[in-house]
Amino acid sequence: HRFDVLMMTPWFAPIVWEGTYNSEILNEQFRRRNVTVGLTVFAIKKYTVFLNKFLETAETYFMVGHRVNYYIFTDRPEEVPKVPLKEGRNVVVLQVQNYPRWQEISMRRMELINSFSQQRFINEVSYLVCVDVDMRFNDQVGVEILSNLFGTLHPHFYAAERQSFTYERRPASQAYVPRDEGDFYYAGGFFGGTVMEVYKLTKKCHEAMMVDKAKGIEAIWQDESYLNKYFVYYKPTKILSPEYLWDDDLGRPEILKKIRFLALPKNHAAIRNK
């Protein structure tokens, strides 16, 4: 039990911190249900350089003992590394086109996850976990994260007041969140749920982006802004603590007993535009 952190939202969704759950019980439950988890990741252009470390660390720490499909969206299928996988785990390469601007690539993610959810994912996995590729797994990330719909507290804002959240504040945008609304600020780099719930989320976000695009508006933090808007009105059934998406530039606060998924230091400009 933890007394130093918020463990439950006002709508009774658990917030997952180390020390708030029993992984043996949870693993047993999910194994009985014979759950397969899909992990979606985008490796467009030079971002394929991150795949090796990403997949190797996922094999060590992600959903250990469960069946996993790694869905890798890439425009360079020949650059997807051959990483040794444990039994019941597969890499599925999904070829997509790239776009000149990284913001555009970032926003296309919702559209692609959405269309593949109905074409493929619904027939192959029970849950989808959608994450950034320029990361490495650093500790166990298991079935404790799974729920109908989950988001992750943004490492920069988990302890912040609502006033400082960087929601889209222009009323003309579909991602607009009024100043007196919103509970948490969620990271765009780690969300998920059942395939059906992720389908609904990505559909809504993609449609909102298209409306904005037609008006020449791009939300302040691209897909993250639309995700945050969605979570204001469709509350997640579980929330992950910043253990699940951390950046060492922020140090290692006492509150974090484990760092499970960690941003890699990188030169954005060099990679984004290659």
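This is a predicted model: local features need pLDDT of at least 70, side-chain atom pairs count only at pLDDT 80 or more; totals for chains, interfaces and linings use all residues.
Visitor: Why is the pair of Phe62 and Phe137 called tilted?
Guide: Rings of Phe, Tyr and Trp (its six-membered ring) pair if their centres lie within 6.5 Å; planes under 30 degrees apart count as stacked, over 60 as edge-to-face and the rest as tilted. By this rule there are 25 aromatic pairs. For Phe62 and Phe137 the centres are 5.5 Å apart and the planes stand at 45 degrees, so this pair is tilted. The pair links distant parts of the chain, 75 residues apart: Phe62 is in the loop between α2 (51-61) and β3 (67-74), and Phe137 is in strand β6 (residues 135-137). Helices (H or I, at least four residues) and strands (E, at least two) are DSSP runs, numbered from the N terminus. Ring pairs also link Phe62 and Phe137 into a cluster with Phe54, Phe150, Phe190, Tyr244 and Phe261.

Visitor: What makes Phe62 buried?
Guide: Buried means under 20% relative accessible area, exposed over 50%, and partly exposed in between (1.4 Å probe, protein chains only). Phe62 has a relative accessible area of 0%, so Phe62 is buried. Phe137, at 1%, is buried too.

Visitor: How do you know that Lys235 lies over the face of Trp11?
Guide: The rule asks for NZ of Lys or CZ of Arg within 6 Å of the ring centre and within 35 degrees of the ring normal. Lys235 lies over the face of Trp11 at 5.1 Å from the ring centre.

Visitor: Why is β5 described as largely enclosed?
Guide: Five of the five residues of β5 are buried, so the strand is largely enclosed by the rest of the structure. Tyr127, Val129 and Val131 are buried on one side, and Leu128 and Cys130 on the other.

Visitor: How do you know that β5 pairs with β2 and with β8?
Guide: Two strands pair if DSSP finds at least two bridges between them. β2 and β5 have four bridges, in the parallel sense, and the bridge partner of Leu39 is Val129. β5 and β8 (residues 190-194) run antiparallel, joined by five bridges.

Visitor: What makes a group of residues a nonpolar core?
Guide: A nonpolar core is a set of buried Ala, Val, Leu, Ile, Met, Phe, Trp, Tyr and Cys residues joined through side-chain atoms within 4.5 Å. The largest one has 43 residues, of which Phe73, Phe121, Leu128, Leu201 and Tyr226 touch the most other members. Helix α3 gives the most to this core, with seven residues. Apart from it lies another core, of 39 residues, among them Val37, Val68, Ile145 and Phe150.

Visitor: How do you know that the listed "binding site" residues gather at one spot?
Guide: The unreviewed UniProt entry lists Phe42, Ala43, Ile44, Tyr47, Asp132, Val133 and Asp134. They span 93 residues in sequence, yet no two of their C-alpha atoms are more than 11.3 Å apart, so they gather at one spot. UniProt positions are given in the numbering used here, feature names are shortened, and annotations may be inferred rather than shown by experiment.

Key. Residues are numbered from 1 along each chain as its sequence is written. Side-chain values use heavy atoms; hydrogens and water are left out.
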